Amino acid sequence: VTDAARQRALRLAGTLSGIAAGAWLGAAEAPTKLVTIGLAPVVVSLVMVIGVFLGRWSLPALLHGTAAVREEQRRLPHLVVWAVLAGALWSVANTLTVYAIRDIGLSIAFPLWNANSLLGIAWGALFFRELRGGGARAWGLVLGGAAAMLAGGTVLAVAGAQDSTPQDAVRGVAAALAAGAMWGTMYIPYRKAYVSGMSPLAFVTFFTIGEVVTMTTLATWLTGGVGPLLTALDQARPVLVFLLAGGLVWVVGDLFQQYAAKYVGISRGIPLSNTNQLWGLAWGTLVFGELAGGGASRGMVLAGSLAMAGGAALIALAGPGTAEQAEWRRAAGRESARYGLDEAWVQAQLTGQGAPPVRTRSALDWMIALGALAVLGWSVTQARAPELAVAVGPAALLIGASLALLVAAGGLLWRVTRGQ
Amino acid sequence: MPPERDWRRAALTDPQLWVPVLVLLGGLAVLVWVHG
């Protein structure tokens, strides 16, 4: 295989990963819609994050277990800090969105925080030399695509929102902007991990630790202490399984987002995975019968969806060329020099050609995986069937499409990089 | 092969650390404020 052919395959794998990330991050909303009892949003977030954590430590524990994670931590100790930081950023941003929606409504809040993709593009260019050397074509396609997606996403948010009157505009805008700044900045750690040669599964491990610790702290504070939080979790028992399932689906989406950040960079990876809004909307309208409004809102949904899909297509066409790849290698060289990493090793990791990670399964790995599965199994026994009409046909179609993307993106990643 | 340089010192002078840290602190401050 020639170098150019390999680069093309990596580009395709990264782009497909971004598209698959959108499908799975969007599908993660579906199980939470089955929760019809009133729960504090922060409790919903906490249980989903616990699901993400359990998802990481169930089956992947046997693929990339404690030995491989320890090995990466020994080799790249500094990246543990960044991964935990990214998890903390995600949790605080996610909590802020709850306040933004409360104070200004989804239709105003959404475009404010979804501008995170533009911030991500800026960080990518500034810190990791993304889009440099790509010329006007790459800049035009990526910025034009991201702008089209932002506009489409805004139209979708306006069409779907059932807003109450804004309560506190200043606070709501501040919360939404802060959430966007945090989500856009969260991708600095993502990209930093990959220009230093870390593997996505190891990064996600430390990320989920930062996420679960921050979210537990926030939930304890916001519900008024350990006692009230435990009471709230106990009340949530019949629906735990749906929220945990949402977390399990989310972690698949996030893993694809990691591969997209690795192989096409954050400037393309973030906007591509922001198509999750489209998938979330499809689940809401087709499966759960939301948006029963008139023709005007249907027209808006169609226009917004087309703008979003068109923007994503532009970005998919803007794959990094040879000159930009050279700039990426320079960014990786900076990391190697600063942190004393073996440059040849980093470059091999960056193109998915490194030595395969340690694949030993210790007793500890089996115990962790069985423990995670036991918690998930227990939540099933506690579940009560939701009283909600679900359109089975469209659900099967969306599940089928998501699985097809999983197989296509996952299969290509495996063939080209062995999952590195 | 472990990194040869002291990564803590390298990290402390890395702007790619301080940008996310400051954004996190700023976001936490906004959260405290909006929570009231």
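The backbone oxygen of Phe127(A) lies 3.5 Å from a polar atom of the side chain of Gln16(B). A polar contact is a pair of N or O atoms within 3.5 Å; within protein, one must be able to donate a hydrogen and the other to accept it, and residues adjacent in sequence count only if both atoms are side-chain atoms. This is a predicted model, in which local features need pLDDT of at least 70 and side-chain atom pairs count only at pLDDT 80 or more, while totals for chains, interfaces and linings use all residues. Residues are numbered from 1 along each chain as its sequence is written, chains are lettered from A and ligands numbered from 1 in the order in which they are written, and side-chain values use heavy atoms, with hydrogens and water left out.

Gln16(B) belongs to helix α2 of chain B, residues 15-35. Helices (H or I, at least four residues) and strands (E, at least two) are DSSP runs, numbered from the N terminus. With a relative accessible area of 2%, Gln16(B) is buried; that word means under 20%, with exposed over 50% and partly exposed in between (1.4 Å probe, protein chains only). Leaving aside neighbours within four places in sequence, the residues in contact with Gln16(B) include Trp82(A), Phe128(A), Lys192(A) and Glu335(A). Contact means heavy atoms within 4.5 Å.

Chain A has 20 helices and 0 strands. Of its 420 residues, 57% count as buried. The C-alpha trace of chain A spans about 55 × 50 × 40 Å along its principal axes. Among contacts in chain A with a separation of 6 or more, 91% join residues 24 or more positions apart.

One helix pair in chain A is α6 (residues 77-104) and α7 (residues 106-114), which pack at an angle of about 140° with their axes 7 Å apart. Axes are lines fitted to C-alpha atoms, for helices over the stretch in contact, and angles run from 0 to 180 degrees between N-to-C directions. The angle makes α6(A) oblique to α7(A), since under 35 degrees counts as roughly parallel, over 145 as roughly antiparallel, 65 to 115 as roughly perpendicular and the rest as oblique. Residues making the contact include Ile101(A) and Ile104(A) of α6(A) and Leu112(A) and Trp113(A) of α7(A).

Leu398(A) lies in helix α20 of chain A, residues 392-417. Leu398(A) is buried, at a relative accessible area of 9%. Apart from neighbours within four places in sequence, Leu398(A) is in contact with Trp279(A), Ala282(A), Trp283(A) and Val287(A).
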